Amino acid sequence: MPTGFSESRRCPGEKYAVSEAVCCARTARHFPKCRECKWRDQPGGPQAPQDPPVDLGAIFKAYDVRGTAGTQIHDTLAWKIGYATAQHLLPLVGGGSKKVSGTLRLKVPDTFSDQWIAVGHDMRKSGERLARALTEGLRAAGAGAVDIGEVETPAVYYAVGSLKALGGVQVTASHLPAQYNGFKITGPGCVPVGLGSGLEKIQEIVAGLEDTGLPPLGPLRQEDISTGYVEHVRKFAGPIGPMKVVVDCSNGMASKWTPTLLRDLGIDLEVLHMERTGEFDHEPNPLKAEALADVRQRVRAAEAALGACFDADADRIAIIDETGQAIPNDLLTALLAPLFLAREPGATVVYDLRSSWALKEEILKHGGVPRRERVGHSFMKAALRETQAPFGGELSGHSYYRDNFFCDSAVITLMEVLTLVSARPGEPLSTLVAPLRRHFTTGEVNFEVEDKKKMVKRLAQTFSDGKVDFLDGVTVEYDDWWFNVRPSNTEPLLRLTLEAKTAALKDEMFEKLVDILGEPSEH
């Protein structure tokens, strides 16, 4: 018998012995038979690695769970997140596991329906392992788990919507550096689960869990959604003519399907940073100017019609015109809104309250209904549902589509941009955008403020001669300039956005606000 094996080291009911390494690995993964194994609690028996305790308040954010992989985001936490997610979602459809008189009664799902939860992960090195642990937690709580593998975040929304699943979880840390990971949770109908819509309940359940060795009760299936997902995305493309395009995948999930899709559409494509190794050649955040340096340089050098830079999990995008200049997403929304309003005259277009006046003006100009909304994907998606708006855009680079289950998708945005450019042959993208750059903005600027509520109240009083509202922080509007100051959900920061009809007025009013808020923070 090979070294490391022992006749006494075998799983209950199994014929052959296992090595100590296999035994310990099974224990670490909460292998069901470990619960009845005599080795479990004996001296010299397999000892599962103990994951460190986690400050849940530090990793549960407004819209997701995020932290450093291994220390904050580890297998034990992933299992608990899975279990707690199923415990939260199953009662929403009247199913799941319930204890009645001390007996566990389980309604086990047998079709892709309301008791299945889709699980995906991005390319981060810890992603597959965390997804596996999370899946076991889902199943231990009685949910069925649909493993859709390594995918971009919008593909999880597609899986939930197309399979009519109870919900979905994507294992990702979005645009954060390689050492991070986390979980984005979606409920029935692709409604996001965040603070105020269930994430706080999941945190509470996680905090009360001790035993992570419960056996799986719900079933597990693997599902390859590739063909259906690509066909779904392609439906958003109108007639697209031949053109040169540069795409920066940021070493993220955009490289899985997008290059093939674009080439199939006849695009002359150059792809940057396509390798999905779990490491990033640049910060995978298209809001950062330094992240756009490579795509801007290649667009100019290749004389491309446009460029695009995705974030790591491919739910956000930055579009670059042929001169190498980035198009802010509020102006991109203003550029695309007429496409949707031509298809649906009088429809609503949703946008976040940091957006340029130019966006509202374009919506009205083309006969649409502007809907101004709070910052954050949960508010944007809710507004789309309420108004049945076909389209919405957020300054952060998220764009939302009613026919995409009311969810955001970066590649669908690229499809719409390519359709627009193809419909205006001979007009460079910079020329199409130029009329929208008619106001002057500071962009979003951070200020460190300890008492955020007090400062918001002070600003409202100081500028009370303007039109004041408190939809998100405080917004004050005058005839020729406006500003919004809103608090960060997780940091002692206030975020200022200011816009004016002239550059001089923008600078003057910005200095006036700096006198009140203090010097801008580099954070």
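Tutor: The chain has 16 helices and 23 strands, taken as DSSP runs (H or I with at least four residues for helices, E with at least two for strands) and numbered from the N terminus. Keep in mind that this is a predicted model, where local features need pLDDT of at least 70, side-chain atom pairs count only at pLDDT 80 or more, and totals for chains, interfaces and linings use all residues. Residues are numbered from 1 along each chain as its sequence is written, and side-chain values use heavy atoms, leaving out hydrogens and water.

Now the loops. Between β7 (180-186) and α6 (199-208) sits C190, a residue other than glycine with a positive phi near 65°. C190 is buried, at a relative accessible area of 1%; buried means under 20%, exposed over 50%, and partly exposed in between, using a 1.4 Å probe and protein chains only.

The loop between β17 (399-401) and β18 (407-408) holds F405. F405 isn't a glycine either, yet its phi is positive, at about 60°. With 24% relative accessibility, F405 counts as partly exposed.

As for the overall picture, 55% of the 523 residues in the chain are buried. Of the contacts (heavy atoms within 4.5 Å) with a separation of 6 or more, 66% come from residues 24 or more positions apart. The chain exposes about 22200 Å², and carbon and sulfur atoms supply 51% of that; the areas come from the Shrake-Rupley method with a 1.4 Å probe, and for residues only the protein chains shown count as cover.
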